[in-house]
Amino acid sequence: MTKLVYATSTAADGNMSLKWGEEKEVWINRGKFLAKSGISIKDCVFTSLVHGTEIKIIGSHDQEKTLEADGFITSDKHVAIWITTGDCFPVVVYDSVRCALALVHLSWQGVDKGLTIKAIQKMVEMGSNPANLGVKIGPGARKESYIFDGPIAQENDPKWQPFLERQSGGKTAIDLVGFIKKQLAACGVEKIEDCGIDTAKNKNYFSHYRVVRTGDPEGRFATVAMMK
């Protein structure tokens, strides 16, 4: 029986990004966090995010590597997929029937470029049935907090309009989660679990959006997923 191991770090676990911390300290933080879930650094394939559309199919031969991509898919057990985020959404897709796992980093750019749909399509090409896929949407900046002053580029794009809410003072709130859920539904995915955590408000998580406005320490939290 294949089991999904899935965990998200918090600020109490420390910064997980090499970009925002001293290398030795970050690796110590990573090791301690992973150990809580029975995962080791040697199990992991780490992402170096590019805010593009590349989703790589990986396996045990990629363990301990850091690869440029915005998403990974694996059919190998004991291969832990790792990404770090601040306000973008870590999204896990799991097929317990066929034994397949994906972890995707969804910024507004990724959502705009259809990265959600691409991940599902790749899993279908590998043999998954969308009806068997379960999705977990992790912490990220939600509509109640993800608010921008003045006009934004997406407001003239019809596909974005249902997920933009104009507010007083010319501000615009962006509902990334709503858009992600619509894309998943369009692919035939019905089992969607949303953690509901807003990183911009919840100080248990690092948030670049909040840092810019409050001066809180910069950092990133991690999401890791593995089949065993």
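Predicted model: local features only at pLDDT ≥ 70, side-chain atom pairs only at ≥ 80, totals over all residues.
The space in the largest pocket amounts to about 790 Å³. Its lining comprises 30 residues, of which Leu49, His51, Thr84, His105 and Arg220 are the closest to the centre. At least two lining residues are supplied by each of β2 (44–48), β6 (80–85), α2 (108–112) and α5 (208–214). The largest share is that of α5, with 4 residues.

Helix α3 spans residues 115–125, and its buried residues are Leu115, Thr116, Ala119, Ile120 and Met123. Viewed down the axis of α3, these buried residues fall within an arc of 140°, so they line one face of the helix. After α3 comes Gly127, which has a positive phi, near 115°.

Strands of a sheet pair through backbone hydrogen bonds, in either a parallel or an antiparallel manner. An open sheet of 3 strands in the model shows antiparallel pairing, in the order β10-β12-β11. The edge strands, β10 (147–148) and β11 (164–166), each pair on one side only. Between β11 and β12 (residues 172–174), which run antiparallel, there are 3 bridges. Among the residues joined in this way is Arg166, whose bridge partner in β12 is Thr172.

Technical notes
Residues numbered from 1 in each chain as written. Heavy atoms only, no water. Pairing = 2+ DSSP bridges. Buried < 20%, exposed > 50% of the residue type's maximum accessible area, 1.4 Å probe, protein only. Arc of directions from axis to C-beta. 1 Å grid on protein atoms, 1.4 Å probe; cavity = no way out; pocket = protein on both sides within 12 Å on 5 of 7 lines; lining within 4 Å. Points joined across faces, edges and corners; volume = space filled by probe spheres on them.
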